Amino acid sequence: MSSDSSRHIWTIAKRELSGYFNSPVAYVFIVIFLLLNGFFTFMLGGFFELGEASLSKPFFSWHPWLYLFLVPAAGMRLWSEERRVGTLELLLTYPIAPWEAILGKFIASWIFLAIALGLTFPVVLTVGYLGSPDLGAILAGYLGSFLLAGAYLAVTVMTSALTRNQVVSFILSVVICFFLILAGWEPVTNLLVRWAPDTIVNLVASFSVMPHFGNFQRGVVDLRDLLFFASVIVFSLFGTGVILRGLRGA
Amino acid sequence: MIIVENLVKEFGPKRAVNSVSFTVNRGEILGFLGPNGAGKSTTMRMITGYIPPTSGRVSVGGNDLSENPIPAKKLIGYLPESAPCYSDMTVHGFLSFAAEMRGMRGRTIQDAIQRVASLCFLEGVLHQSVDTLSKGYRHRTCFAQSIIHDPEVLVLDEPTDGLDPNQKHEVRQLIKRMGEKKAIIFSTHILEEVEAVCSRAIIIDRGTVVANGTPAELKARSENAGLVRVRISGGTVDAVKGKLTGLMTAGRVQVQSEGASITARIQPRERALAGELARAVGDAASQSGWKLEELHTEEGRLDEVFRSITLPDTVKRTE
């Protein structure tokens with residue numbers, strides 16, 4: 001990557017990030033994210049009743065569901081707003097390559113989500129205070145959660161390029177991310193197993209974020225899981241590029 | 001600087017731009033005229049590289065827009081039709097973003113912002129958020145971002161739209177000044193603007209270039225171009241009519257009395273004879289002892305030319 005490219009990417013990312021923090025969106029988002037995390041972990045997750053010094057079940061297991069709504073909400077405006085206001089025309093006539101803009105926007109939102117995720121650190125302090133948790137497993141859980149957020153976000157980036165309406169972009173990405181959960185969620189795979197051959201069940205489940213996230217959640221960092229999330233991200237961002245090119249051509 | 005060759009853009013079965021060709025050199029200001037939906041904006045979007053042409057070629061400063069877009073885009077400043085701005089930013093923030101996207105850094109960005117802010121009268125609102133600004137300010141903010149890098153080529157889609165008369169005047173003066181060193185294309189609905197600013201104008205209708213020339217050349221295509229209008233006193237309608245009809249260079253003559261004086265409209269027999277006709281009318285008046293109160297040769301009007309070229313035939317007939 002040339003230094004020009006990285007400067008373009010960073011300029012765009014910086015603009016998007018300041019966009020988050022110049023509006024109430026960022027603060028509302030972070031507060032709700034932290035409140036929901038606390039609620040799920042301590043109330044629904046039964047953190048104290050479990051009596052384990054681990055975050056796997058009470059904390060990380062909620063993230064696929066929490067992100068299902070929060071990540072599309074954080075990313076839905078990325079391209080749809082540019083299309084609605086018409087700034088897309090400015091952005092794409094600046095002397096930059098479209099992929100630099102796509103990557104810049106994605107990185108900005110991902111950094112924002114990372115900040116929100118990072119602010120959940122008190123839960124780590126709590127579990128550390130109460131017991132002696134496996135810090136490596138917690139780090140793996142955070143890495144998995146970060147990658148999961150990135151995968152959902154990349155899907156949202158793609159759906160937001162599809163429409164100039166933020167609500168449509170939100171709903172589309174929720175539906176796609178919901179599929180990414182369901183395809184490998186145990187209750188669904190258990191249903192499938194009854195009438196489909198194993199290979200089909202495994203094929204469908206392999207599209208899901210659940211088994212891959214599950215490994216991180218248990219503290220296992222496997223190259224195959226890393227590759228899975230990376231390929232969801234790359235595929236979605238590439239799809240975004242194709243959609244944007246289609247927009248300009250038609 | 002700008003070379004457009006046989007540019008075609010199809011949206012599905014519809015041909016929005018049909019084989020448009022023209023060139024714009026440095027120091028030229030090209031006015032782009034045409035009714036709504038004629039293909040002006042689409043053509044400009046292809047020149048700036050926002051949408052690729054179905055066929056044909058655009059080259060800016062020797063760089064082909066489809067093969068070598070980045071160096072071409074570096075030379076261009078672009079004001080899109082709706083003058084879009086990032087409304088969650090301040091004017092200063094937006095201009096500094098535009099400057100960074102243009103590859104500027106550090107001190108030069110601040111200098112550039114000061115320069116365009118004073119050119120576009122934005123000094124007072126630099127630290128205001130764009131979404132609190134009125135339409136005119138937002139428009140000038142977007143105009144400012146298009147000239148932030150002092151580009152060699154400017155593409156302006158309706159740069160005076162939404163401005164008040166004073167601002168319109170200022171922006172026209174600005175375009176005119178910048179046009180001395182740059183190649184500028186701008187589209188407009190306002191015909192006086194073309195006469196006031198452009199060195200050349202193109203009229204485009206239903207995707208096709210239907211006229212291309214200096215404003216004076218275009219005006220000469222008007223039906224009334226070369227018409228001599230005269231007001232005299234001291235003669236009778238019949239005498240005046242007889243004398244004027246007898247002139248070698250005169251075509252159709254209309255005479256009517258207007259209070260104490262008589263007005264006549266004399267069409268030249270050929271457009272090129274307009275100057276001679278005016279002299280002949282003057283001579284005729286002095287020979288006959290009439291008092292000449294007014295003598296005027298019509299240059300033709302751009303709006304007439306525009307209408308006669310761009311109105312569909314059916315509409316012309318019913319008028």
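I take a helix here to be a DSSP run of H or I with at least four residues, numbered from the N terminus, and with that in hand I looked up I115(A), which is found in helix α7 of chain A. I note at the outset that this is a predicted model.

**Entry on the surface patch.** I followed I115(A) to a nonpolar patch on the surface, which it forms together with W10(A), I111(A), L119(A), F121(A) and L125(A), and I noted about 540 Å² of accessible area for these residues together. I then checked which elements give two or more residues to the patch, and they are α7 (98-118) and α8 (121-130) of chain A.

**Entry on the interface.** I turned next to where the chains meet, and found that the contact takes 26 residues from chain A and 29 residues from chain B. The area buried between chain A and chain B is about 2,600 Å², with carbon and sulfur atoms giving 58% of it.

**Entry on polar links.** Across the interface of chain A and chain B I looked up four salt bridges, one of them joining R77(A) to D88(B), with the closest N and O atoms 4.0 Å apart. I also recorded eight residue pairs in polar contact between the two chains, both residues being at pLDDT 80 or more.

**Entry on the side of chain A.** The elements that give two or more residues to the side touching chain B are α1 (3-22), α5 (77-85), α6 (87-91) and α14 (223-249) of chain A, and α1(A) gives the most, with eight residues. By kind, I found that this side divides into eleven nonpolar, eight polar and seven charged residues.

How values were computed. Residues numbered from 1 in each chain as written. Chains lettered and ligands numbered in written order. Predicted model: local features only at pLDDT ≥ 70, side-chain atom pairs only at ≥ 80, totals over all residues. Heavy atoms only, no water. Contact = heavy atoms within 4.5 Å. Buried area = accessible area lost by both parts, 1.4 Å probe. Salt bridge = Lys/Arg side-chain N within 4 Å of Asp/Glu carboxyl O. Polar contact = N/O pair within 3.5 Å; in protein donor to acceptor, adjacent residues only side chain to side chain. Nonpolar A, V, L, I, M, F, W, Y, C, P; charged D, E, K, R; others polar. Patch = residues over 30% accessible without salt bridge, like charges linked within 9 Å, V, L, I, M, F, W, Y side chains within 5 Å. Areas by Shrake-Rupley, 256 points an atom, 1.4 Å probe, with all protein chains shown as cover.
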